[in-house]
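Hi,

Here is the structure I promised to send over. Have it open in your viewer while you read, and I'll go through what turned up.

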Amino acid sequence: MELRYTGGVAEKEPIQIFNETMRELFSEDDKVVYLDADLMGSLKTAQLWKDYPKNVFNCGIQEANMVGVAAGMYLNGFKPYIHSFSPFASRRIFDQVFLSIGYAQKSIRIIGSDAGIMATNNGGTHMSFEDVAMMRTVPNACVADVSDPTMFKALLKLTKDRNGVTYIRTARRNLKDIYMPDEKFEIGKGKLLKDGNDVTIVACGIMVATALEAAKELEKDGISAQVVDVVTIKPLDEDLILACARKTKNIIVCENANILGGLTSAVCELTSAKYPVRVKGIGINDSYGCVGSEDFLRKKYGLTIENIILQVKELLR
Amino acid sequence: MVLSSQKTLEQNALRIRKGIIQAICSNKGGHIGGSLDLADVLSVIYTDFIRIDPQTPKWDNRDFMIISKGHAGPALYSTLALKGVIDYSRLNNLNNPNSLLPGHCDRNKVPGVDATTGSLGQGLSIAVGAALGAKIKDSGQRVFCIIGDGESAEGQIWEAAQFAAHYKLDNIIAFLDWNNMQIDGSVEEVMSIGDPMKKFEAFGWNSTLVKGDDVLAIQKAINFAIESPNKKPTMIVLKTIKGRGAKCIEELPNNHCLGFNDDLKEKVLEELKERAVELDMEEEQWN
């Protein structure tokens with residue numbers, strides 16, 4: 001497939017994509033509403049709030065109530081999108097999401113921003129590594145980690161009428177452009193970004209670009225790595241992962257989340273049952289977050305090109 | 001608006017109590033206390049005020065009823081049977097295997113139930129969301145919601161209260177079931193609620209105290225909220241007696257969730273039958 005990955009910063013930040021896409025959604029469907037919990041400033045949606053008084057509502061710092069409000073608005077025919085920082089959009093509201101939306105068979109899209117280490121200087125209090133694991137356990141939930149702005153836009157649009165809980169975690173900035181602007185996405189369909197024979201790097205979110213860089217470096221050492229962006233961690237593209245497992249027999253998973261219950265777990269659950277291969281996870285190893293720049297945190301938790309190369313070589317040794 | 005007589009409302013309340021007993025006895029037990037004490041308010045709401053279509057429970061522009069204290073499922077189910085939304089025979093299936101009548105309110109199993117509740121504190125938020133939706137639609141829909149006094153210890157109740165006032169949701173008419181009992185003792189012992197009227201007033205609501213079994217007072221309070229909207233949500237605090245309507249239940253020290261043997265069932269039905277005679281309903285089946 002054709003990519004536009006250059007390693008440079010994306011043409012449009014996720015914040016801009018969110019604003020543009022919500023405008024499009026509001027004009028396509030007047031039942032779309034966006035609720036925020038006093039973090040419109042962080043998502044730069046203040047103008048959206050002014051422009052769409054019947055579609056945009058600030059719930060104040062009431063994340064739990066915001067989920068209930070979304071549940072009630074769904075009951076009355078609306079299609080809610082809610083946003084907060086990822087820890088407050090997952091662990092803080094888990095029971096509300098699980099029961100008032102999931103168990104009650106309603107529909108919601110939750111945008112958890114500053115996912116994982118991308119909370120940077122907000123530190124451990126604002127850093128969610130566990131959100132993927134939690135949300136994966138909600139029956140029929142869709143869990144996605146955004147790797148690229150084009151994908152973010154597609155996910156926002158694709159899930160407008162999706163039933164159940166949809167959890168989209170994303171960075172607010174510093175994503176790379178990976179996909180061509182006209183790339184088509186499907187829920188549950190991953191993307192094979194680079195083919196290879198020796199090892200498969202299965203990645204999500206910010207780790208997809210890192211994996212592409214690592215694969216490029218590995219080529220220089222004669223190691224042919226394929227790179228997969230799962231797009232949705234749940235539902236997982238089982239056919240694609242199993243095809244990769246059969247081909248390379250070795251999988252490295254890269255995620256900006258706790259590998260306990262995260263994408264690493266998802267890949268292991270699948271392969272151990274259907275085609276056992278060696279799987280090694282690069283992600284957060286059962287740790288809390290901390291304050292730091294993206295670079296510092298990548299090094300601290302091993303989310304670097306160098307660590308992927310190292311782990312691939314160890315796996316293949 | 002034509003309002004019903006005291007006798008009609010009390011007759012319906014009695015019918016609701018009978019259905020509660022039918023449902024709870026079908027599984028030899030359940031959340032009886034906090035179900036019985038809602039029979040009067042449910043009778044008033046469903047006899048005189050709520051706009052639903054029993055043949056089309058999911059009618060888009062219906063009024064909503066959110067029972068936030070989800071364990072009062074039997075009270076709502078019995079009321080829905082009275083209204084013809086569900087068949088009375090369904091009340092024989094409370095919590096049976098693969099039940100179509102879970103003890104806690106379940107919108108996916110029981111037609112006419114608007115909210116799935118049971119994890120306390122969440123229903124009022126759902127109510128305010130539905131009410132905000134009605135304001136955006138300009139549909140004139142009203143949202144009724146019943147919360148518990150013990151439940152009011154949940155912080156989310158007060159988040160929703162603040163939200164409803166902020167968005168001027170005067171289409172919410174909520175009720176606080178102030179029976180002063182919760183599982184581990186009286187509300188005063190476990191987690192005092194203080195003065196709930198003052199609390200809701202301080203949160204920007206209209207608030208009024210009504211005797212929980214005084215159907216005419218409840219009717220008047222609801223009617224006032226509807227006829228005199230003032231851009232504030234309304235909380236009608238119901239001073240209730242947990243287990244109201246059956247002395248043999250009321251008198252128990254803890255009637256939150258009871259097992260039912262035939263003896264207790266007979267005693268309760270005997271009391272309901274006596275009340276039926278007072279209300280000229282002898283011809284109805286009471287056993």
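Just after helix α8(A), A:G222 takes a positive phi of about 80°. Before you read too much into any one angle, keep in mind that this is a predicted model.

α8(A) covers residues 207–220, and at 1.5 Å a residue its 14 residues should span 20 Å; the C-alpha atoms at its ends are 20 Å apart, which agrees. Is α8(A) mostly enclosed or open? Of its 14 residues, 10 are buried, so the rest of the structure largely encloses this helix. The buried ones are A:M207, A:V208, A:A209, A:T210, A:A211, A:L212, A:E213, A:A214, A:A215 and A:L218. Their cover includes the strands β7 (191–194), β8 (199–203), β9 (225–229) and β11 (250–258), along with the helices α11 (294–301) and α12 (305–316), in chain A.

Stay in that area for a moment and look at A:S224, which sits in the loop between α8 and β9 of chain A. With a relative accessible area of 15%, A:S224 is buried. A polar atom of its side chain lies 2.8 Å from the backbone nitrogen of A:N197. Leaving out residues up to four places away in sequence, A:S224 touches A:G196, A:N197, A:D198, A:V199 and A:E219.

Most residues other than glycine have a negative phi, and most peptide bonds are trans.

- A:Q105 is not a glycine, yet its phi is positive, about 55°. You'll find A:Q105 in the loop between α5 (94–103) and β4 (107–113) of chain A, and it is exposed, at 52% relative accessible area.
- B:N180, also a residue other than glycine, has a positive phi near 60°. It is in the loop between β4 (172–178) and β5 (181–182) of chain B and counts as partly exposed, at 21% relative accessibility.
- The peptide bond from A:K234 to A:P235 is cis, with omega near -5°. A:P235 is in the loop between β10 (232–234) and α9 (238–248) of chain A.

Now for the charges. Over all chains, the count comes to 40 salt bridges. One of them joins the side chains of A:K160 and A:D29, at 2.7 Å from N to O. What does that pair tie together? A:K160 is in the loop between α7 (149–158) and β6 (164–170) of chain A, while A:D29 is in the loop between α1 (14–28) and β1 (32–36) of chain A, so the pair links parts that are 131 residues apart in sequence. A:K160 is buried, at 13% relative accessibility, and A:D29 is buried too, at 10%. A:K160 also forms a salt bridge with A:D161, where the closest N and O atoms are 3.2 Å apart.

Another salt bridge brings together the side chains of A:R92 and A:E63, at 3.5 Å from N to O. A:R92 lies in the loop between β3 (79–85) and α5 of chain A and A:E63 in helix α4 (63–75) of chain A, so this pair ties together parts 29 residues apart in sequence. A:R92 is exposed, at 53% relative accessible area, but A:E63 counts as buried, at 8%.

Then turn to where the chains meet. Chain B and chain A bury about 2200 Å² between them, 54% of it on carbon and sulfur atoms. On the chain B side, B:R107, B:I136 and B:E159 lose the most area to chain A, together 24% of what that side buries. The contact takes 28 residues from chain B and 26 residues from chain A. What holds for polar pairs and salt bridges here? There are 17 residue pairs in polar contact between the two chains, but 0 salt bridges. In chain B, the elements giving two or more residues to this side are β2 (64–67), α5 (123–137) and α6 (155–166). α5(B) gives the most, with 10 residues. By class, the chain B side has 11 nonpolar, 10 polar and 7 charged residues.

Last stop: helix α3 of chain B (residues 39–49). Of its 11 residues, 10 are buried, so the rest of the structure largely encloses α3(B). Among the buried ones are B:V41, B:L42, B:I45 and B:F49.

Cheers

Notes. Residues numbered from 1 in each chain as written. Chains lettered and ligands numbered in written order. Predicted model: local features only at pLDDT ≥ 70, side-chain atom pairs only at ≥ 80, totals over all residues. Heavy atoms only, no water. Buried < 20%, exposed > 50% of the residue type's maximum accessible area, 1.4 Å probe, protein only. Helix = DSSP H or I, 4+ residues; strand = E, 2+ residues; numbered from the N terminus. Contact = heavy atoms within 4.5 Å. Buried area = accessible area lost by both parts, 1.4 Å probe. Salt bridge = Lys/Arg side-chain N within 4 Å of Asp/Glu carboxyl O. Polar contact = N/O pair within 3.5 Å; in protein donor to acceptor, adjacent residues only side chain to side chain. Nonpolar A, V, L, I, M, F, W, Y, C, P; charged D, E, K, R; others polar. Expected span 1.5 Å × (residues − 1).
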